[in-house]
Amino acid sequence: MTDAPGAAIAAAQAPQGVARRLRWLAYLGWSKLTLRRLLWASLALVPVAVLAAVAGMDDVPVFLLSVAALVPLAWLIGEATEQVGEYTGPAIAGLLNASFGNAPEMIIALFAVENGLFEVVRGSLSGSVISNLLLVLGFSLVVGGKGRIARRSAYAALGMVALAGLLFALPELVGGPAAHERLTAIGIGVAAVLLAIYLVLTAWSVVKEAREQRASGSSGEADWSLRRALLALGLATLATVAVSEVLVGSIEAFTRASGLSELFCSAVIVAIAGNAAEHGGAVVIAARGGVRLASEIALQSSAQVALGVIPAVILLSLVISPMPLFFSGVEYLGLAIAVAVPALFLLRGRTARWQGAGMLAAYAAIVAVFYAVM
């Protein structure tokens, strides 16, 4: 027998619940639209930052302008890559994402290598891994709340980052910090091994994705023409090169003026700026109910940097200024925490807001340690 009063209450509450959900979805749609407009408008910061540097403005505002300009550029590279992928198919789209997804970090690192700022290079790259695993993933879980993740994929990504961290420590353990030439030689071998692993895994992932796409028969729909997407990708990459050169040229003066260390500026400020658009995208996806996808973005991005970008920078430094492969003790500590905390929280394959809060607390603690070791 049906409970009439309960049914009546449920019937009365149902339209309210639907209305609340519709309002929430409308808000998210408005927020996404507003964010896109803001990112488009903030591209104006790119010429402003470059002109400020050319005009000889003080390095502190130049650094801050260049950091801010990197955010819309990173977003535009990601947007253009996604649009090109709609025309090329999943296989080439995967390669494009792997190649251009971390373009800002790579370009900043190579300019820093050219200027001999090895601490900035290592700080920005290790900070990128740490922020992806704790800051992005943490915010995504706080916003997304309860859900499930692809546990096998998540632990594979965490395992790759852990493997990279262990191999990063190998040159220093074998060669010793004072043995510069030996340290560099061992680092080249480690970087080559890691990059080879990354390329094999990327190729396997792209082939697998292509097969699944053909089996499902689904296809994407581009919002831009192919010409527009390629033009945007090329211009955004060139602009990133210009802004990165300005940023690297002003970072030393900024650290002196602000009293912050190069490690803190690179591992926290530069790392967050280089990933800001990707970070925001993951959080928006999580807010729309895509906790699983948002977690994949954060975890796979960290694995890409650890296995792909860092080894590539080490090998490319050979033609610029050979850079030894080693990190400071605080960076190793940060990487260890960044792997251990998500591995512990995601053990059951389920997500909750308290887990995200725990990851954000861990990230705040690491930032505090980076600040303390100045």
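Predicted model: local features only at pLDDT ≥ 70, side-chain atom pairs only at ≥ 80, totals over all residues.
Start with Trp-40, which is partly exposed at 33% relative accessibility. Trp-224, by contrast, is buried, with a relative accessible area of 5%. The cut-off for buried is under 20%.

The structure holds six aromatic pairs. Trp-40 and Trp-224 form one of them. Their rings sit 6.1 Å apart, centre to centre. Trp-40 belongs to helix 1 (residues 4-42), while Trp-224 lies in the loop between helix 8 (180-216) and helix 9 (226-258), so the pair ties together parts 184 residues apart in sequence.

Now look at Phe-345 and Trp-354. Their ring centres are 5.3 Å apart and their planes stand at 70°, so this pair is edge-to-face. Trp-354 is exposed, with a relative accessible area of 57%. Elsewhere, ring pairs join Phe-168, Phe-327 and Tyr-332 into a cluster.

Next come two helices. Two packed helices are described by the angle between their axes and the distance between the axes. Helix 6 (residues 118-144) packs with helix 12 (residues 329-345) at an angle of about 25°, and the axes are 9 Å apart. That angle makes helix 6 roughly parallel to helix 12, because angles under 35 degrees count as roughly parallel. The crossing of helix 6 past helix 12 is left-handed.

Which residues of helix 6 and helix 12 meet? Helix 6 brings residues including Arg-122, Ser-126, Ile-130 and Leu-137. Helix 12 brings others, among them Glu-331, Leu-335, Val-339 and Pro-342. By class, this contact of helix 6 with helix 12 has 10 nonpolar, three polar and two charged residues.

Definitions and conventions. Residues numbered from 1 in each chain as written. Heavy atoms only, no water. Axes fitted to C-alpha atoms, helices over the stretch in contact; angles between N-to-C directions. Helix = DSSP H or I, 4+ residues; strand = E, 2+ residues; numbered from the N terminus. Parallel < 35°, antiparallel > 145°, perpendicular 65-115°, else oblique. Left-handed = near helix turned anticlockwise from the far one by under 90°. Contact = heavy atoms within 4.5 Å. Nonpolar A, V, L, I, M, F, W, Y, C, P; charged D, E, K, R; others polar. Phe/Tyr/Trp six-rings, centres within 6.5 Å; stacked < 30°, edge-to-face > 60°. Buried < 20%, exposed > 50% of the residue type's maximum accessible area, 1.4 Å probe, protein only.
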